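Here is a friendly briefing to read alongside the structure. Keep the viewer open and follow the topics one by one.

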Amino acid sequence: MSDKPEKFIDENGLRLDGRRVDEIRPMTVEMGVLSRADGSCYLEWGNNKVLAAVYGPRELHPRRLQRPSEALVRYRYNMAAFSVEDRIRPGPSRRSTEISKVSGEAFEPVVMKQFYPGAVIDVFAEVLQADAGTRTAAINAATLALVDAGIPMKGLVASCAVGKVDGQLVLDLNKPEDNYGDADLPIAMTEDGEITLLQMDGNLTADEIAKGIEMARKGCEQIFAIQKEALLSKFGTTDEEELLKE
Ligand code: ADP
């Protein structure tokens, strides 16, 4: 039996969790939560709970994998066995391998890899509790963990999804919207607005995709503000040169 809701948006324009169509779920972040990692961040977004840890830059072994002119950035997304209602089989899956690949690439234009030839920067994103939008939550946490590790970056990366329910575009899908909605369009972007991740499930028209991207842009602006607030409270500045002096 399907537990698909009859309606996702009520007559007042409110979604099942009380949000408007262009509102993201409440997000809290805490940096520097792991003492053994070079950088870390714990993020809660709605009912998602994600921990990101960064190790490096450190020498890459085996050495044959080293890149002579830049660091290698490795990103591993993983869902804990206990993160969903039914236990997830531990270890990589097709889904987690794909998410790891595209999420690592979402940082491509910002991480200044040229400073660390032969090194590796490992980013681990562990989903402790999953409730739709975990790949986007993981990217938001990983950005702050990279900054916390002192990795030189040209700017931050933020990520959120747009979807479609009841014929309307909605920002930052919750679980029923993700499960039963008509589309899911996760997006990541830099502060300059360069899109670094764009995936799509379901059906959207070209016009809806264009509108959805603009909606995601507004969502990412809210996330950048949350990330910068966390940086300010930890380092007292968001100025890159000041941060690199730490
Ligand atoms: P995302 O978490 O980035 O939205 P998906 O759209 O693939 O990625 O998944 C949506 C949601 O479905 C997840 O957040 C999680 O709550 C749930 N989910 C994903 N994979 C599994 C799984 N193997 N078992 C149970 N639930 C899952």
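Predicted model: local features only at pLDDT ≥ 70, side-chain atom pairs only at ≥ 80, totals over all residues.

Residues are numbered from 1 along each chain as its sequence is written. Helices (H or I, at least four residues) and strands (E, at least two) are DSSP runs, numbered from the N terminus.

**Around the ligand**

- The shell, meaning residues whose C-beta atom, placed from the backbone, lies within 6 Å of the ligand, includes Val84, Asp86, Ile88 and Arg95.
- Also in the shell are the run Ala130, Asp131, Ala132, Gly133, Thr134 and Arg135, together with Asp178 and Asp184.
- By type, the shell has 6 charged, 4 nonpolar and 2 polar residues. Here Ala, Val, Leu, Ile, Met, Phe, Trp, Tyr, Cys and Pro count as nonpolar, Asp, Glu, Lys and Arg as charged, and the others, Gly among them, as polar.

**The nonpolar core**

- The largest nonpolar core holds 70 residues. Such a core is a set of buried Ala, Val, Leu, Ile, Met, Phe, Trp, Tyr and Cys residues joined through C-beta atoms within 7 Å.
- A residue is buried if 20 or more other C-beta atoms lie within 10 Å of its own, exposed if 12 or fewer, and partly exposed in between, with C-beta atoms placed from the backbone.
- Helix H2 (residues 134-148) supplies the largest share of this core, 9 residues.
- Among the residues with the most contacts inside the core are Ala52, Val123 and Ala141.
- Beyond its neighbours within four places in sequence, Ala141 is in contact (C-beta atoms, placed from the backbone, within 7 Å) with Cys41, Leu43, Val50, Ala52 and Ala125.

**The five-stranded sheet**

- An open sheet of 5 strands runs in the order S1-S2-S3-S5-S4 with mixed pairing; two strands pair if DSSP finds at least two bridges between them.
- S1 (27-31) and S4 (72-79) are the edge strands, each pairing on one side only.
- S4 and S5 (residues 119-129) run parallel and are joined by 8 bridges, and Arg76 stands opposite Phe124 in S5.
- H2 packs on the sheet, touching S1, S2 (39-45), S3 (48-59), S4 and S5, and its direction makes about 150° with that of S2. Axes are lines fitted to C-alpha atoms, for helices over the stretch in contact, and angles run from 0 to 180 degrees between N-to-C directions.

**Strand S8 and its partners**

- S8 (residues 183-190) pairs with S6 (residues 157-165) in the antiparallel sense over 8 bridges, with Ala161 opposite Pro186.
- S8 and S9 form a hairpin with 4 residues between them, and Gly193 in the turn has a positive phi of about 90°.
- Met189 stands opposite Ile195 in S9, while Ile187 has Leu198 as its bridge partner there.
- S8 also runs antiparallel to S10 (residues 201-202), joined by 2 bridges.
- In a regular strand, side chains alternate between the two faces of the sheet. Both faces of S8 are covered, with Ala183, Leu185, Ile187 and Met189 buried on one side and Asp184, Pro186, Ala188 and Thr190 buried on the other.

**Glu208 in helix H4**

- Glu208 is found in H4 (residues 206-235).
- Glu208 counts as partly exposed because 19 other C-beta atoms lie within 10 Å.
- Leaving out residues up to four places away in sequence, Glu208 touches Lys164 and Leu169.
- Although Glu208 and Leu169 are 39 residues apart along the chain, their C-alpha atoms are separated by 7.6 Å.

Notes. Contact = placed C-beta atoms within 7 Å.
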